[in-house]
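Here is a short briefing on a two-chain model. Please look over the sequence and the structure before reading on.

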Amino acid sequence: MGTSVLDKGPEAGVPEVRRLKGRGTPLRERLFQLSLWVSLSVGVVFLGCLLVYIVVEAWPRLDSRIWSNFPDIIDPSQAGAQSAIMGTIWVIGFTALYCLPVGVLTAIYLEEYADPERWWNRAIEINIQNLAAVPSIVYGILGLGIISRGLGFGQTVLTASLTLSLLVLPTVIIAAREAIRAVPPSIREASLALGATQWQTIWRQVLPAAVPGMATGSILALSRAIGEAAPLLLLGGLTFITFNPSGPDSAFTVLPIQIFNWISQSRAEFTSLAAAAIVILMVILLVMNSLAIWLRNHYSRRW
Amino acid sequence: MTSAGIRRRRAVAGSPGFLKRSQPRYGEKAIKVLLVAASLVSVLTTVGIVIALIPPAADFFGKVSFGDFITGTDWSPLFKPPHFGVLPLVSGTLMVTLIALLVAVPLGLGAAVYLSEYARPRVRAFFKPILEVLAGIPTVVYGFFALQAVTPLLQDIWPGGEGPEVFNALSAGFVMGIMIIPTIASLSEDAMTAVPNDLRDGAFALGSSRMQVATRVVFPAALSGIVAAIVLGVSRAIGETMIVAIAAGGRPNLSFDPLEGMQTMTAFIAAAGIGDLPTGSIGYQTIFAVGALLFVMTLVMNLVSIRLVRRFREVYE
């Protein structure tokens, strides 16, 4: 396109064309392209610096102590993050249990049943879009005011995972809707034409085809929940916890909160401890993201 | 079939009872009820947020006048005597947001123009996921990096004077800006990719350069989508908590010097929520008053952004 066409044209040897080619990329054009390139690179370079900095900071503490020991406020050299790692697993497990079924069912309703002309369906849709952009600390207020103190669930794994599942529910719904929408109508029509009911069509044709897309989106949503700290600050996650959770009614801490806790300590040993916990957190996220990408590539189907 | 036949068939098809099932399928009905119930969870979430915010905030405004709250310049709700002027928190929030936007808007738009107008498919396939990684990094990690790496670096290279304080709005805003780049880049790239190629080809045919096509044709055509992306970025910056709680400090400060520490609305909520405030105390209620203000601000921004996104989508589909 544009001037580059001239580079390869059959008249490339003609002096007239060569003159045009020279005029095609004046300094201003080149500077513009360079500035675009720089804006793209800043983010990438920043990412590289961040990763290198964290690994270098964490290096002295990057050994088995970080997952085999419990937090220790007196002796940072023996402190670890086991209760936070186990807490993260408990909280995210329950979060998935609550938000995935609700998210998928909502997506099925909106894609397969809801008439978009009706005002209530449009209201549900705008509501979900808006919830997706509500600040996470507001979900913390919801969890504190209603789930923890209003319903009396207290500062427990249950409260934390309910709050986080409401937080990532819009993301799960949006991802599941896109997966369902990608299944072509002809599949549904064929199934209905053979006499299947609407639910049989959805359950036996649409959902199996949409599962990889839904799984990809759900993993990305849950990896967002793993990194969330703000709402859990309000839900008592910052309490000093030196035991692993034993059930949904147990007190808890999670990795991002434990990291925040260590960052707030003034002693320098806690800085590398925080960095080491960040490495653990990032490795978990990296594994989940790779799984999502692998799922998308492995199961993506062209119709 | 004759036209009369068609008319008759239509009349029958429109009337009640045509092709009606002899047996209603109760299972199918039950499933639909279940699906509707699931989709009401998201509606109940919004209702829950409003219910969680309003009664404690109303209690708060029973004790503190709304005018004092919104115009007061001293925020020290947990001291004696307490002052409830929210302006220092609002100015801190706006300061950090402004710095974040000064970073994220030019870089995000630059990246978007490059990816949509210049990059070859392979380059694009390489850079897009990398940018998305920036959005997936936990914000507590960004806060750590801002406090431990960016602030010391700024203090080292600051020409003359003392440079930024240990807690300052500049590092928090800068790092937050980097975090928001993918939001702005991804949405505005979508908007620019949605501009039909006919417009580009027309401009190229008239002898425009690639830069002219990008800045004078594609950019204006995608403007509403780009504005929506920026509005969403603003709303994310206002709502972000961990970066400001870690790197901007915890001192409410009505100042416009980015080198000083300030407290934002979200950072105040987090700081007040960490202490185990007794339900019903005025300290507990301030969380909800500030939370309500934050919710209303982001709600307005989100609705504007949703409306703009819808408008640009309608144009080119």
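Buried means under 20% relative accessible area, exposed means over 50%, and partly exposed lies in between (1.4 Å probe, protein chains only). By that rule B:Asn302 is buried, with a relative accessible area of 2%. This is a predicted model: local features need pLDDT of at least 70, side-chain atom pairs count only at pLDDT 80 or more, and totals for chains, interfaces and linings use all residues. Residues are numbered from 1 along each chain as its sequence is written, chains are lettered from A and ligands numbered from 1 in the order in which they are written, and side-chain values use heavy atoms, with hydrogens and water left out.

**Around B:Asn302**

- B:Asn302 sits in helix α13 (residues 282–315) of chain B. Helices (H or I, at least four residues) and strands (E, at least two) are DSSP runs, numbered from the N terminus.
- Contact means heavy atoms within 4.5 Å. Beyond its neighbours within four places in sequence, B:Asn302 is in contact with A:Asn130, A:Ala133, A:Val134, B:Leu232 and B:Ser235.
- B:Val231 is 71 residues from B:Asn302 along the chain, yet their C-alpha atoms are separated by 7.5 Å.

**Interface of chains A and B**

- In the interface, 68 residues of chain A are in contact with 82 residues of chain B.
- The area buried between the two chains is about 6700 Å², and carbon and sulfur atoms give 79% of that. Buried area is the accessible area (1.4 Å probe) that two parts lose on being put together, summed over both.
- On the chain A side, A:Leu40, A:Phe46 and A:Arg149 lose the most area to chain B, together 10% of what that side buries.
- Helix α3 (residues 27–58) of chain A gives the most to the side that touches chain B, with 17 residues.
- By class, that side of chain A has 50 nonpolar, 15 polar and 3 charged residues. Ala, Val, Leu, Ile, Met, Phe, Trp, Tyr, Cys and Pro count as nonpolar; Asp, Glu, Lys and Arg count as charged; the others, Gly among them, count as polar.
- The count of salt bridges between chain A and chain B is 0. A salt bridge is a side-chain nitrogen of Lys or Arg within 4 Å of a carboxyl oxygen of Asp or Glu.

**Chain B overall**

- Chain B has 13 helices and 2 strands.
- Of its 317 residues, 51% count as buried.
- The C-alpha trace of chain B spans about 90 × 60 × 35 Å along its principal axes.
- In chain B, residues 24 or more positions apart account for 71% of the contacts with a separation of 6 or more.

**Salt bridges**

- Side chains of opposite charge can pair when their charged atoms come close.
- The whole structure holds 10 salt bridges over all chains.
- A:Glu111 and A:Arg177 meet in a salt bridge (2.9 Å, N to O). A:Glu111 lies in helix α5 (residues 82–113) and A:Arg177 in helix α8 (residues 157–181) of chain A, so the pair ties together parts 66 residues apart in sequence.
- A:Glu111 is partly exposed at 23% relative accessibility, whereas A:Arg177 is buried at 12%.
- A:Glu111 also meets A:Arg181 in a salt bridge (3.2 Å, N to O).
- A:Arg118 forms a salt bridge with A:Asp115, with the closest N and O atoms 3.7 Å apart.
- Salt bridges that share partners join A:Glu111, A:Glu125, A:Arg177 and A:Arg181 into one network.
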